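I opened the notebook with the coordinates alongside. Entries follow in the order I looked things up.

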Amino acid sequence: MSRAKLLVVDDDRNLLEIIRMRLESLEYEVTAIRDEEEARQAVTAQVFDLAVIDLQLANQDGISLMEEIHLINPDLPTIILTAHGSIESAVVAMKRGAYTYLTKPFDARELKLHIDRALENRRLTSEISRLKVLLAERYDFKNIVARSEKMQQVLEVVARIAQMDSTVHIQGESGTGKELIARAIHLASPRKDKAFVAINCAALPETLLESELFGHEKGAFTGAVKSSRGLFAQAHEGTLFLDEIGDMPPSLQVKLLRVLQERQFYPVGSEQPLSVDVRVIVATNKNLAELVRQDLFREDLFYLIHVIPIELPPLRERREDIPLLAEYFLKKFGTQMDKKIKGLAPAALQRLMLHEWPGNVRELENTIEYATAMTVQDVVTEELVLPGKAGTVEEAIKPLTEARDAFEKGYLVRLLESTQGNVSNAAAMAGRYRADLYVLLKKHGLNPSDFK
């Protein structure tokens with residue numbers, strides 16, 4: 001594994017040498033520089049994994065140098081070194097893009113801890129970005145919208161566990177995108193070039209489900225006119241996705257348990273076992289732990305599949321993603337129907353933000369498809385969004401402050417998305433002063449740089 005490349009900038013020759021020696025002793029590759037211009041040239045000439053910059057330099061402050069470096073390498077995590085009396089300035093540095101700050105004098109172990117955390121955070125961020133690009137290219141899954149913190153956490157788990165072969169248990173309501181996440185795990189894994197095989201365990205009767213999973217020999221049952229490879233065999237060296245596993249009949253739960261334990265199974269009507277190398281991902285919209293307590297699901301199977309749990313949030317808990325998802329679906333269906341749709345009217349977006357979405361992303365997709373089909377204008381108006389549900393108790397339940405905040409945050413997300421994080425343009429579009437817009441962004445915990 002290659003050593004991380006660090007850039008250290010400090011005008012104090014003695015301190016710079018001490019930091020360089022300490023970091024090199026920790027197996028980092030260090031470029032130590034005293035001059036600001038030399039630092040800018042170094043960032044232009046080579047790629048660094050992290051920068052450590054002193055707050056007070058000879059010709060300028062470390063914050064402005066950091067911002068200039070970020071114009072060259074926007075994703076470079078930066079740690080600001082500061083004296084005790086300059087902590088307030090260090091906090092300002094974090095608001096302007098620094099990863100963290102460290103107060104002098106500092107312990108070498110503390111510096112290493114901050115560096116390792118920053119590098120791990122960068123690795124995960126890069127892996128999530130790579131995963132989204134891979135999904136977009138391979139399956140046109142640009143609708144994995146992960147602006148919300150909860151979906152960012154889901155993708156972070158995907159990035160962490162994709163390289164492993166451990167069984168994954170995805171739990172979430174219907175329509176939250178469980179198969180989408182399962183495909184993401186497969187595509188980010190070493191098995192990505194092999195088959196991804198999916199089956200809904202609730203869609204087939206018991207006898208047919210067994211034959212589908214394990215295959216059968218010719219004559220094994222009435223209608224078996226030829227032998228058939230089951231899905232386990234088809235997924236050999238790839239990934240098998242078992243959706244709605246909570247609906248699997250008890251008799252098949254026993255056979256699945258044996259396959260997961262021994263990696264062998266018998267096709268229906270065969271006395272010859274087959275061995276398989278397959279990663280299994282299961283999903284359900286039910287509470288399997290509760291089914292175990294009710295004796296409706298085997299406890300031993302539950303613990304065997306519940307190795308890496310992933311909880312998908314319902315759409316009502318990630319409302320900041322609604323404007324982006326709606327925009328994606330508008331483009332998708334506009335292209336399919338050969339209609340040029342500019343977007344949603346503010347009142348239409350507000351109705352989307354206030355709805356509870358029991359059907360989650362799938363319901364939102366259907367809602368936008370209907371609105372796209374019915375509109376005769378280039379902007380989708382309020383009456384075409386969730387017709388028949390306007391003025392229902394559902395929309396009146398939320399307190400005014402909560403509903404207003406939800407709409408306000410969604411509006412700001414959509415505004416920053418459309419301006420690619422340019423606050424000046426966003427303020428102009430919103431008809432507000434930049435200072436007022438910054439206050440709103442701070443209120444909702446939004447960072448314009450996340451949208452660039």
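I count two strands as paired if DSSP finds at least two bridges between them. Helices (H or I, at least four residues) and strands (E, at least two) are DSSP runs, numbered from the N terminus.

Before reading on, I noted that this is a predicted model: local features need pLDDT of at least 70, side-chain atom pairs count only at pLDDT 80 or more, and totals for chains, interfaces and linings use all residues. Residues are numbered from 1 along each chain as its sequence is written, and side-chain values use heavy atoms, with hydrogens and water left out.

I looked up the strand order and found 7-10-13-6-14, an open sheet of five strands with parallel pairing. Strand 7 (196-200) and strand 14 (308-311) are the edges, each pairing on one side only. On average, neighbouring strands are turned by 20° against each other, direction ignored.

Strands 6 and 14. Strand 6 (residues 168-171) runs parallel to strand 14, and four bridges join them. Here I found His 169 opposite Pro 309 of strand 14.

Helix 6. I then checked helix 6 (residues 149-161), which packs on the sheet and touches strand 6, strand 13 (279-284) and strand 14. Contact means heavy atoms within 4.5 Å. The direction of helix 6 makes about 155° with that of strand 14. Axes are lines fitted to C-alpha atoms, for helices over the stretch in contact; angles run from 0 to 180 degrees between N-to-C directions.

Whole protein. I noted 19 helices and 16 strands. The C-alpha trace spans about 85 × 60 × 45 Å along its principal axes.
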